[in-house]
Amino acid sequence: MSQDKTIRCLIIGSGPAGYTAAIYASRANLSPVLYQGLQPGGQLTTTTEVENFPGFPEGVTGPQLLEQMRQQAERFGTDIRSGEVTRIDFSKRPFEVEIDGSTELTAQAVIIATGARAKYLGLDDEKKYAGMGVSACATCDGFFYRKKRVAVVGGGDTACEEALYLAGIAEQVYLIVRKDHLRASKVMQERLFARENIEVLFEHNTVGLFGDNGVEGAHLVYKKGTPEEAKRDIAIDGFFLAIGHKPNTDFLAGQLELDEAGYIVTREGRPLTSVEGVFAAGDVADPRYRQAITSAGTGCRAALEVEKYLLEKGL
Ligand code: NDP
């Protein structure tokens with residue numbers, strides 16, 4: 001392997017976690033190199049208005065927020081590169097990293113901030129109405145549905161949480177569940193059934209969306225594939241996916257401890273992973289909060305850990 005120069009701090013990912021780590025690492029003179037990945041900016045680039053990131057009283061768009069973070073990281077000297085990490089070997093020191101299947105480099109410490117992506121049903125209409133009524137984040141976009149009608153798809157804790165959140169804003173919330181029961185915890189179910197403006201549609205599948213100017217309704221099928229199968233359309237203004245997320249950790253297979261859903265397992269309430277010198281920040285290690293601000297917070301923590309690690313190891 002060619003080893004022209006070993007990177008002291010390699011940051012993988014260009015969402016709020018990656019850029020915040022880059023700002024801290026560059027200000028600490030760690031000469032970080034950040035690889036942006038296949039979708040520079042990550043999930044925030046697919047949202048419109050971000051109104052819950054402190055410091056922006058009038059709101060800011062996802063792409064604008066990311067652009068400002070990128071500029072801030074660059075201002076302190078972060079080397080931002082396009083490219084995707086395709087393979088990594090944590091058994092060697094310094095760590096060996098492959099970019100885009102060919103370029104190879106080595107790194108003393110690595111921060112993984114590759115994020116997660118929301119799962120979608122796979123309907124063409126989800127793409128057609130992206131940003132026009134289809135969302136995978138009620139906390140981000142719910143506000144736009146004040147006194148309107150929305151549907152949430154899913155039967156887990158996230159779906160219930162999103163439905164409850166939306167019920168406080170929207171006039172009517174439908175929860176579309178493919179089975180005849182919810183997977184969510186009992187306490188969550190009780191809260192859900194106590195809300196008068198939430199209607200749970202058990203054994204319903206969504207087969208399409210319709211509307212001339214954004215989403216105006218969804219085509220559902222009840223008991224699909226059975227003799228009782230029946231079609232039903234509901235009028236809605238917003239369609240929220242809450243069928244789980246997939247962390248972007250495929251490239252780490254066998255290299256780090258992951259949980260059964262593929263999220264990086266961190267230790268001691270810190271961004272430490274199962275390999276010394278490798279740190280995790282943002283949604284890639286967080287199935288629970290998944291907010292830009294919490295990701296930024298863990299990015300900061302990971303950079304501070306790298307600084308401490310390199311100092312202790314004399315690297
Ligand atoms: P889950 O995997 O728990 O639930 C996903 C839900 O989406 C299931 O009801 C599943 O249906 C449904 N689903 C999956 N694919 C499809 C599809 N193609 N069509 C229709 N429905 C589909 O994911 P969550 O994001 O809800 O939760 C992830 C983890 O985070 C869980 O462990 C959860 O407990 C935890 N969490 C905890 C919270 C809390 O305690 N406050 C809040 C949020 C999450 P089916 O049941 O039929 O498989």
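How many residues of domain 1 are in contact with residues of domain 2? Six residues of domain 1 touch six residues of domain 2. Keep in mind as you look around that this is a predicted model.

**The two domains**

The size of an interface is often given as the accessible area lost when the parts come together. Between domain 1 and domain 2, about 560 Å² is buried, and carbon and sulfur atoms give 46% of that area.

**Around the ligand**

Now let us turn to the ligand. It is surrounded by 15 residues, and Gly-155, Asp-157, Thr-158, Arg-178 and Arg-183 are the closest of them. Sorted by class, this shell holds six charged, five polar and four nonpolar residues. Helix H5, which spans residues 157-167, gives the most to the shell, with three residues.

| Residue (side-chain atom) | Ligand atom | Distance |
|---|---|---|
| Arg-183 (polar atom) | oxygen | 2.4 Å |
| Asp-157 (polar atom) | oxygen | 2.6 Å |
| Glu-161 (N or O atom) | nitrogen | 3.0 Å |

How much of the ligand does the protein bury? On its own, the ligand exposes 920 Å², and the protein buries 72% of that.

Terms used:
Residues are numbered from 1 along each chain as its sequence is written. This is a predicted model: local features need pLDDT of at least 70, side-chain atom pairs count only at pLDDT 80 or more; totals for chains, interfaces and linings use all residues. Side-chain values use heavy atoms; hydrogens and water are left out. A residue is near a molecule or strand if one of its heavy atoms lies within 4 Å of it. A polar contact is a pair of N or O atoms within 3.5 Å; within protein, one must be able to donate a hydrogen and the other to accept it, and residues adjacent in sequence count only if both atoms are side-chain atoms. Accessible areas come from the Shrake-Rupley method with a 1.4 Å probe; for residues, only the protein chains shown count as cover. Helices (H or I, at least four residues) and strands (E, at least two) are DSSP runs, numbered from the N terminus. Ala, Val, Leu, Ile, Met, Phe, Trp, Tyr, Cys and Pro count as nonpolar, Asp, Glu, Lys and Arg as charged, and the others, Gly among them, as polar. Contact means heavy atoms within 4.5 Å. Buried area is the accessible area (1.4 Å probe) that two parts lose on being put together, summed over both.
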